[in-house]
Amino acid sequence: MAPTAPQHDVVVVGAGAAGLMAAAALHAAGLDMVCLEARERTGGRMVTTGDGLDLGATWFWDGEPRVAALAARLDVAVFDQYLAGDALAQHPTGVQRVTGNPIDVPAYRYRSGAAALTSRLAARLPDVALRLSTPVTDIHPNSDTVEVRTSAGRLNAGQVVLAIPPALATATIDFHGALEPELVGLAEATPVWMGGVVKVVATYHTPFWRATGLAGAAISWTGPLREIHDMSGPDGTPAALFGFAPAPAAGPGFATAVTTQLARLFGQEAARPEALHVQDWSTERWTTPPGAQHLTNYDLFGHPLYQRPALAGRLHWASTETSTSHAGHVEGALLAGERSARAVLTAHLAQRAGSAPAAGLGKTG
């Protein structure tokens, strides 16, 4: 007979912003919770270099109260995105200086980088409740619980929170046919936020573009970077520019093409960055499954099926792609994490009272 799997009230899959938000809320509510993360770090798409430069999520905006409140609660200092100066527009025929900065909008950044938000949230969990380098391979109903299998063994849980992109979940986790076909089709078709994007950060000794009255903002119809923004620290240190390119652009010679483009836009000083960080999110195995960079129907974000628990009401969706508001933003991830935590607590109380979990909200396939 196989050994009995450890029993938990809830297993959270994924330790990005959504998963950690759910995990923190469930731990605070007194549930026996464990959060499993495939990577060797927390944060998901919130990843920051040692000098505080963000290779994933960067900004948040007015009208996103969850991020602002969480940053304040965790003592994560924020500052305004640099906006002053003119922008640039790069056309096949040349570069045009645009008076003012119509590219950037008022936004906030994290003084020590976006990953400070998730690392401090993770630090509030007990060590035994957070397991890194533990990818989930199987999830399926098992009598009146859900069995979660990892490379390290099996766990049983009354509830599961799935806080990874839906397309990644269906590509990497075996649900043993227990999910509704309509839900599987939806998950496979839902884009992965940033899944088709390469983010590039170039660092310099000083933000020299500011001295010429430039905001560090540019838009390009030639590439490889399609848009560029100032990523310098609040006092201009570290000095940095960052931009986005479509994943197919990141082939041989990409770095040279980037520095050549930056030089055309900002002058020869931009051709010699102190460091060039290239983060290709299309190749991140724990973010983007193969082929997902080609998914483009963003109308599927926040789909009604993601608001309903699956597996007889025991599995709850919680990535930013499933949020009904601010999907693709950190705010959306936090909202989805909160929603899933509320759903888990409601189902947990119903189970303890002897009722069917979340009756009428989901079913096995």
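This is a predicted model: local features need pLDDT of at least 70, side-chain atom pairs count only at pLDDT 80 or more; totals for chains, interfaces and linings use all residues.
Which strand do two bridges join to β3? Strand β7 (residues 108-110) is the partner, and β3 and β7 run antiparallel. Residues are numbered from 1 along each chain as its sequence is written, and side-chain values use heavy atoms, with hydrogens and water left out.

## A three-strand sheet

Helices and strands here are DSSP runs numbered from the N terminus (helices are H or I with at least four residues, strands are E with at least two). Two strands pair if DSSP finds at least two bridges between them. On that basis, β3, β7 and β4 make an open sheet of three strands in the order β3-β7-β4, with antiparallel pairing. Since β3 (59-60) and β4 (78-80) stand at the edges with a single partner strand each, one side of each is left without a neighbour in the sheet.

Now to β5 (residues 86-91), which pairs with β13 in the parallel sense over four bridges. β5 also pairs with β6 (residues 94-98), here in the antiparallel sense over five bridges, and a hairpin of two residues joins β5 to β6. Q90 takes part on both sides: Q90 stands opposite S220 in β13, and its bridge partner in β6 is V95. As background, strands of a sheet pair through backbone hydrogen bonds, either parallel or antiparallel.

β13 (residues 214-220) is mostly covered, with six of its seven residues buried, where buried means under 20% relative accessible area, exposed over 50%, and partly exposed in between (1.4 Å probe, protein chains only). β5 is mostly covered too, with five of its six residues buried. Two bridges join β13 to β14 (residues 227-230), and these strands run antiparallel; I219 has E227 of β14 as its bridge partner. The hairpin formed by β13 and β14 has six residues between the strands, and G223 in the turn has a positive phi of about 80 degrees.

## Nonpolar cores

A nonpolar core is a set of buried Ala, Val, Leu, Ile, Met, Phe, Trp, Tyr and Cys residues joined through side-chain atoms within 4.5 Å. The largest one holds 39 residues, of which L26, M33, L117, V161 and V330 touch the most other members. At least two residues of this core come from each of β1 (7-13), α1, β2 (33-36), α2 (65-73), α3 (115-123) and α8, and α1 gives the most, with eight. Contact means heavy atoms within 4.5 Å; leaving aside neighbours within four places in sequence, V161 is in contact with V10, V11, V12, V13, A22, L26, H316, A318, S340 and V344. A second, separate core of 29 residues includes V136, L300, Y306 and A310.

In α3, the buried residues are A115, A116, L117, T118, L121 and A122. Their cover includes α1, α2, β7, β8 (130-131) and α8.

## L183 in helix α5

L183 sits in helix α5 (residues 181-189) and counts as buried because its relative accessibility is 4%. Beyond its neighbours within four places in sequence, L183 is in contact with L305, Y306, A310 and W317. From C-alpha to C-alpha, L183 and V78 are 38 Å apart in space, and they are 105 residues apart in sequence.

## The second largest pocket

A pocket is found on a 1 Å grid over the protein atoms alone, as an open set of points where a 1.4 Å probe fits, with protein on both sides within 12 Å along at least five of seven lines; lining residues have an atom within 4 Å of a point. Grid points are joined across faces, edges and corners, and a volume is the space filled by probe spheres set on the points. The second largest pocket has a volume of about 160 Å³.

Its lining is made of M21, A24, A25, H27, A28, R73, L121, R124, L125, E338 and A341. These divide into seven nonpolar, one polar and three charged residues, counting Ala, Val, Leu, Ile, Met, Phe, Trp, Tyr, Cys and Pro as nonpolar, Asp, Glu, Lys and Arg as charged, and the others, Gly among them, as polar. α1 (17-28) and α8 (330-352) each supply at least two lining residues, and α1 gives the most, with five.
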